Amino acid sequence: MKAPRPLAAAMLAASACLLAGCGSDPKPPPGVVGDPGLGKLALTQYACQSCHKIPGVVGSDTFVGRPLEGLGKRPFIAGNLLNNQANLMHWIRDPQAIDPTTAMPNLGVSEKDARDISAYLLTLD
């Protein structure tokens with residue numbers, strides 16, 4: 001028997017909240033735009049946790065990329081970019097444009113997803 005549409009929608013919303021950790025994400029720093037909760041969810045959709053250890057995101061025990069805890073307090077991204085939202089979004093969307101030798105793949109992250117992902121990552125102290 002099919003679940004009534006309102007129940008199915010409520011179950012889908014509840015599942016999304018569980019994956020994104022509804023209500024548990026801190027607010028982004030002043031001047032940072034985007035939705036950290038959606039960013040946390042987008043991190044899982046792009047499978048970032050398969051290469052990075054990311055606080056609040058369950059993932060692999062084999063890490064190729066640098067752990068992302070404390071990213072909000074780091075002075076630089078990718079070793080040479082000032083740590084701000086615009087630079088982080090650029091790195092997330094096109095890492096080879098910044099460092100052609102990086103192992104980080106271009107995953108085709110949309111601008112909106114990069115904004116939300118960067119909002120989440122910049123909350124990590």
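Among contacts in the chain between residues at least 6 apart in sequence, what percentage join residues at least 24 apart? The figure is 45%, where contact means heavy atoms within 4.5 Å.

Before going on, a word on the model. This is a predicted model, in which local features need pLDDT of at least 70 and side-chain atom pairs count only at pLDDT 80 or more, while totals for chains, interfaces and linings use all residues. Residues are numbered from 1 along each chain as its sequence is written, and side-chain values use heavy atoms, with hydrogens and water left out.

Now the overall layout. The chain has 5 helices and 2 strands, and from the N terminus the order is α-α-β-β-α-α-α. Helices here are DSSP runs of H or I with at least four residues, strands are runs of E with at least two, and both are numbered from the N terminus. Of the 125 residues, 35% count as buried. Buried means under 20% relative accessible area, exposed means over 50%, and partly exposed lies in between, with a 1.4 Å probe and protein chains only. The accessible surface of the chain is about 7600 Å², and carbon and sulfur atoms hold 62% of that surface. These areas come from the Shrake-Rupley method with a 1.4 Å probe, and for residues only the protein chains shown count as cover.

Next, helix α2. It covers residues 36–45, and 7 of its 10 residues are buried. Among them are Pro-36, Gly-37, Leu-41 and Leu-43. At the start of α2, a side-chain oxygen of Asp-35 comes to within 2.8 Å of the backbone nitrogen of Gly-37. After the helix comes Ala-47, with a positive phi near 60°. Gln-45 also belongs to α2, but Gln-45 is exposed, because its relative accessible area is 57%.

Asp-113 sits in helix α5, residues 111–121. Does a salt bridge accompany this buried residue, or is there none? Asp-113 has none, and the nearest side chain of opposite charge, Lys-112, is 5.1 Å away. A salt bridge needs a side-chain nitrogen of Lys or Arg within 4 Å of a carboxyl oxygen of Asp or Glu. For charge, Lys and Arg count as positive and Asp and Glu as negative, with His and the chain ends not counted. What Asp-113 does have is a side-chain polar contact with the side chain of Tyr-46, at 2.6 Å. A polar contact is a pair of N or O atoms within 3.5 Å; within protein, one must be able to donate a hydrogen and the other to accept it, and residues adjacent in sequence count only if both atoms are side-chain atoms.

Then the core. The largest nonpolar core has 24 residues, and Leu-43 and Ile-54 are among those that touch the most other members. Helix α5 gives the most to this core, with 5 residues. A nonpolar core is a set of buried Ala, Val, Leu, Ile, Met, Phe, Trp, Tyr and Cys residues joined through side-chain atoms within 4.5 Å.

Last, Asn-83, in the loop between β2 and α3. Asn-83 counts as buried because its relative accessibility is 17%. Its side chain reaches the backbone oxygen of Leu-71 at 2.7 Å.
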